[in-house]
Amino acid sequence: PIALAQTGTVQGEVLGASTFNFTRNLSYGVTGDDVTELQKVLMAEGYLKIKAATKWFGPLTKSALVKWQAKNSIPATGYFGSISRNFVAK
């Protein structure tokens, strides 16, 4: 997991608790600040290769999430639900 600063910006690849609390499930087509935070995690870990987070859960985010889930022994569905949220919160 990636530690996030209080501002929600990635501090680097530091293992530890995330200060961003993901409170809803995320899936293809949703938008919001929580999507931005998910994208930041995926970018920091090298799964999402975009220049800046977009707030939109599109095909690149879904593909990156599937790869991240597979690497972390989470069902690789591209759906950011309770299992993925709990893993990030560790």
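**Before selecting anything**

This is a predicted model, in which local features need pLDDT of at least 70 and side-chain atom pairs count only at pLDDT 80 or more, while totals for chains, interfaces and linings use all residues. Residues are numbered from 1 along each chain as its sequence is written, and side-chain values use heavy atoms, with hydrogens and water left out.

**The whole chain**

Show the protein chain as a cartoon: its secondary structure comes to three helices and zero strands, and the pattern read along the sequence is α-α-α. Helices (H or I, at least four residues) and strands (E, at least two) are DSSP runs, numbered from the N terminus. Of the 90 residues of the protein chain, 38% count as buried, where buried means under 20% relative accessible area, exposed over 50% and partly exposed in between, with a 1.4 Å probe and protein chains only. Among contacts (heavy atoms within 4.5 Å) between residues at least 6 apart in sequence, 35% join residues at least 24 apart.

**Helices α1 and α2**

Select α1 and α2 next. Two packed helices are described by the angle between their axes and the distance between the axes. Here α1 and α2 pack at an angle of about 55°, with their axes 10 Å apart, and that makes α1 oblique to α2. The axes are lines fitted to C-alpha atoms, for helices over the stretch in contact, and the angles run from 0 to 180 degrees between N-to-C directions; angles under 35 degrees count as roughly parallel, over 145 as roughly antiparallel, 65 to 115 as roughly perpendicular and the rest as oblique. The crossing in which α1 passes α2 is left-handed, a term used if the near helix is turned anticlockwise from the far one by less than a right angle, with right-handed used if clockwise.

To see the side chains at this contact, show Leu38, Gln39 and Leu42 in α1, which meet Thr61, Ala64, Leu65 and Trp68 in α2. By class, the contact of α1 with α2 has five nonpolar, two polar and no charged residues; Ala, Val, Leu, Ile, Met, Phe, Trp, Tyr, Cys and Pro count as nonpolar, Asp, Glu, Lys and Arg as charged, and the others, Gly among them, as polar.

**Aromatic pairs**

The ring centres of Trp68 and Phe87 are 5.5 Å apart and their planes stand at 80°, so the pair is edge-to-face. Rings of Phe, Tyr and Trp (its six-membered ring) pair if their centres lie within 6.5 Å, and planes under 30 degrees apart count as stacked, over 60 as edge-to-face and the rest as tilted. With Trp68 in helix α2 and Phe87 in helix α3, 19 residues apart, the pair links distant parts of the chain.

The structure holds four aromatic pairs, and another of them to select is Phe22 with Phe80, edge-to-face at 5.0 Å centre to centre and 70° between the planes. Phe22 lies in the segment before α1 (33-44) and Phe80 in the loop between α2 (59-71) and α3 (82-89), so this pair ties together parts that are 58 residues apart in sequence. Phe22 counts as buried at 8% relative accessibility, and Phe80 is buried at 0%.

**Asp34**

Now select Asp34, which is found in helix α1 and is buried, with a relative accessible area of 9%. Not counting residues up to four places away in sequence, Asp34 touches Phe20, Phe22, Arg24 and Leu26.

Move on to Tyr28 in the segment before α1, a residue that is partly exposed at 46% relative accessible area. Tyr28 and Phe57 are 29 residues apart in sequence and 5.2 Å apart in space, C-alpha to C-alpha. With residues up to four places away in sequence not counted, Tyr28 touches Trp56, Phe57, Gly58, Pro59 and Lys62.

Select Lys55 next, in the loop between α1 and α2: Lys55 has a positive phi of about 70° although it is not a glycine, and Lys55 is partly exposed, with a relative accessible area of 43%. The last stop is Ser73, which has a positive phi of about 55° although it is not a glycine and counts as exposed at 70% relative accessibility.
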